[in-house]
Amino acid sequence: MITQNVKGKKLGAVEGILLIVAIAAGLFAAALAASFFARKGNAVWGQLGVWLLAGLCAFWLMKTLLAEYQYTIASGKFYIERVFGGHSRVMLEVALEDVLFIGGDKEAAGRYPDSRIEANATVSGSEIQKKCMAYRAGGKVCLMLFQPDAAVEKALEGRLS
């Protein structure tokens with residue numbers, strides 16, 4: 001069994017404080033805009049804007065700072081799990097014999113022009129280079145972006161025909 005954990009760059013103390021201040025300032029500005037809309041008689045749009053901004057901030061924080069991925073090769077399958085905190089969820093499970101290609105995304109798009117990227121299991125701030133994997137699923141060829149280390153990439157490439 002081969003396992004790899006991919007984590008993004010962690011923030012330092014000063015960066016974390018600056019991020020919190022920036023998010024608070026953005027939400028404060030959105031709340032001011034909401035009160036402006038409320039005075040004009042259309043409070044709903046201002047409130048929706050604040051909620052939308054807060055949701056986008058939360059999504060961005062989860063995707064860029066909190067997301068981790070675990071790649072596992074075991075029992076003839078390649079598993080990709082999304083990890084948030086201590087909880088993981090299998091995002092993709094591919095039989096090793098269904099792996100067709102590993103390389104750059106432009107090269108994969110050239111080899112499989114009718115395919116599109118179905119999954120993105122990469123994190124920002126990681127020094128590991130992004131790769132694209134083509135695999136068979138449901139009678140079609142799908143593409144996926146991931147960041148394998150040398151051991152995972154070698155194990156997957158060893159199964160290519």
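Reader: How many salt bridges does a search of the whole structure find?
Author: This is a predicted model, in which local features need pLDDT of at least 70, side-chain atom pairs count only at pLDDT 80 or more, and totals for chains, interfaces and linings use all residues. Residues are numbered from 1 along each chain as its sequence is written, and side-chain values use heavy atoms, with hydrogens and water left out. A salt bridge is a side-chain nitrogen of Lys or Arg within 4 Å of a carboxyl oxygen of Asp or Glu. The number found in the whole structure is five.

Reader: Which residue meets lysine 77 in a salt bridge?
Author: The N to O distance of this pair is 2.9 Å. Lysine 77 belongs to strand β3 and its partner to strand β4, 16 residues apart (strands are DSSP runs of E, at least two residues, numbered from the N terminus). The partner is glutamate 93.

Reader: Is glutamate 93 buried or exposed, or partly exposed?
Author: Buried means under 20% relative accessible area, exposed over 50%, and partly exposed in between, with a 1.4 Å probe and protein chains only. Because the relative accessible area of glutamate 93 is 42%, this residue counts as partly exposed.

Reader: Why does the pair of arginine 136 and aspartate 98 tie together parts that are apart in sequence?
Author: The closest N and O atoms of this salt bridge are 3.8 Å apart. Aspartate 98 lies in the loop between β4 and β5, whereas arginine 136 lies in strand β7, so the parts they tie together are separated in sequence by 38 residues.

Reader: Which residues do salt bridges that share partners join into one network?
Author: Lysine 140 in strand β8 and glutamate 118 in strand β6 are 22 residues apart in sequence. Their closest N and O atoms are 3.7 Å apart. Glutamate 118 is partly exposed, at 35% relative accessibility. The network consists of Arg116, Glu118 and Lys140.

Reader: What is the bridge partner of isoleucine 80 in β4?
Author: Isoleucine 80 is among the residues that touch the most other members of the largest nonpolar core, which has 21 residues. Such a core is a set of buried Ala, Val, Leu, Ile, Met, Phe, Trp, Tyr and Cys residues joined through side-chain atoms within 4.5 Å. The bridge partner is leucine 92.

Terms used: Two strands pair if DSSP finds at least two bridges between them. Helices (H or I, at least four residues) and strands (E, at least two) are DSSP runs, numbered from the N terminus.
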